[in-house]
Amino acid sequence: MIKTEKKGSSLHIWVPRKWNGFTIEELFTQYWRAPKKMIHEWRMGKKVMLRGIAAPWTEVLNEGDLLQIPLLYEEQGEQQTYMDIEVLYEDDHVIVVNKPAGLQTHPSQPGETDSLVNGVAFHMLANGEGQFPTHIHRLDRDTTGAILFAKDRLSAAILDRELKERNIKRTYKALVHGLIKNKRGKIDEGIGKDRHHGSRRRVSPTGQPAVTHYEVVQTFPDKRQTLVTCHLDTGRTHQIRVHLSYIGHPLVGDLLYGGRPDAPRQALHACRLEFIHPLTEEPIVISAPYLDQPPIFPM
C-alpha cells in the first residue's frame, strides 16, 4: 500500500521502494500512463513538487521522498441534485454507491439533472468537495448495484485504463427464466445494434466482441427459474441481457429481451466490485446488498 494524503487540491505521496530509480516523467508516462494533456498541464504548470521544490522532470525518485501533485479539479458546471444514495465505500479519491432501479447512471440529454452522478455530486458537495465526479462504468436504468466513481482526474484516468484492460472485476446476479442445465458456461458472441429497434441490441457476427461467463447459484423448479452469477470480459450495452436471452434464458422482468413480467424490472443486480485503488494500490472489494422492496431476488 502506498502512503498518500490529500491536502486541499494537492496530493501528497511518499515514494515507495518500487519507484526507486524512476524519474518524475517516467512515473507519469510509464507507470501511471496518464493522458498526454494532463501530463502537459503538470509539466507546464511547474506545480509538481519533489522534496518541497519544483523539481525538473528528469529528477530521480528515492524511497521516502515526498511528491506533491496538483489534482487540478475542474468545475464542470453540472447540477448537483439531492437524492438519498447508499454509499458503499468512499475515500479522498473514489466513491462506490449502490444504484437503485429507475435511475440513469449519468444524464442522457443536455440539461438533465436527475441521474445518479448528480446525486453523487450533491453528496460530495455536502462534504465540502466541490468537484464533479466521473463515472468509471455504468448500469442500465433498471439495473441495480455497485457503481464506481472517481473524484479527481488522475484517479479517473487510471481507473478508466484499468477498466479497458479488464482489471476491474464486476460480478452480477441475474434471475432468468428456465432451468439452466450446465452449472457454468461461457457465451462468446458479438453484440451489435438491432436496426429494427432503436434501444435494443442483438447477437451479431459483425458486432463488437462480447464474452459473458455465468455460473448457476440455485434453481427453482416450481417457478422454472434459475439464479446465476455473471462476470464480463467486455462491457457492451445490455450484454448480460442479450447473451442470456440468446441462450434461451431471458432475465425475469426483461420485456425488451423476451422475459415475462414476473418482476417490476429486469432481475439484474451488480452485487460485487473488485479493483485496485488507483493511488494507494490497496485491493478494494465491495459487496452491494439488494435494494428492492419487496425483493425480486430469492433470499
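Biologist: By class, how many residues in the lining of the largest pocket are charged?
Modeller: That lining (atoms within 4 Å of a point of the pocket, an open set on a 1 Å grid where a 1.4 Å probe fits, with protein on both sides within 12 Å along at least five of seven lines) has seven nonpolar and eight polar residues, and the charged ones (Asp, Glu, Lys and Arg) number nine. The model is predicted, so local features need pLDDT of at least 70 and side-chain atom pairs 80 or more, while totals for chains, interfaces and linings use all residues. Residues are numbered from 1 along each chain, and side-chain values use heavy atoms, leaving out hydrogens and water. So, charged: nine.

Biologist: How much space lies in the largest pocket, and which residues are closest to its centre?
Modeller: Filling it with probe spheres set on the points gives about 530 Å³. Out of 24 lining residues, the closest to the centre are Arg170, Leu232, Thr234, Gly235 and Arg236.

Biologist: At what angle do H2 and H4 pack?
Modeller: H2 (residues 36-45) and H4 (residues 153-164), both DSSP runs of H or I of at least four residues, have axes 11 Å apart. With over 145 degrees counting as roughly antiparallel on a 0 to 180 scale, H2 is roughly antiparallel to H4. Met38, Glu41 and Trp42 of H2 touch Arg153, Leu154 and Ala157 of H4 (heavy atoms within 4.5 Å). The angle is about 150°.

Biologist: Which residue does a cis peptide bond join to Gln293?
Modeller: Omega there is about 0°.

Biologist: Where is Arg33 found?
Modeller: Arg33 isn't glycine, yet its phi is positive, near 50°. Its place is the loop between helix H1 (24-31) and H2.

Conventions: Helix = DSSP H or I, 4+ residues; strand = E, 2+ residues; numbered from the N terminus. Parallel < 35°, antiparallel > 145°, perpendicular 65-115°, else oblique.
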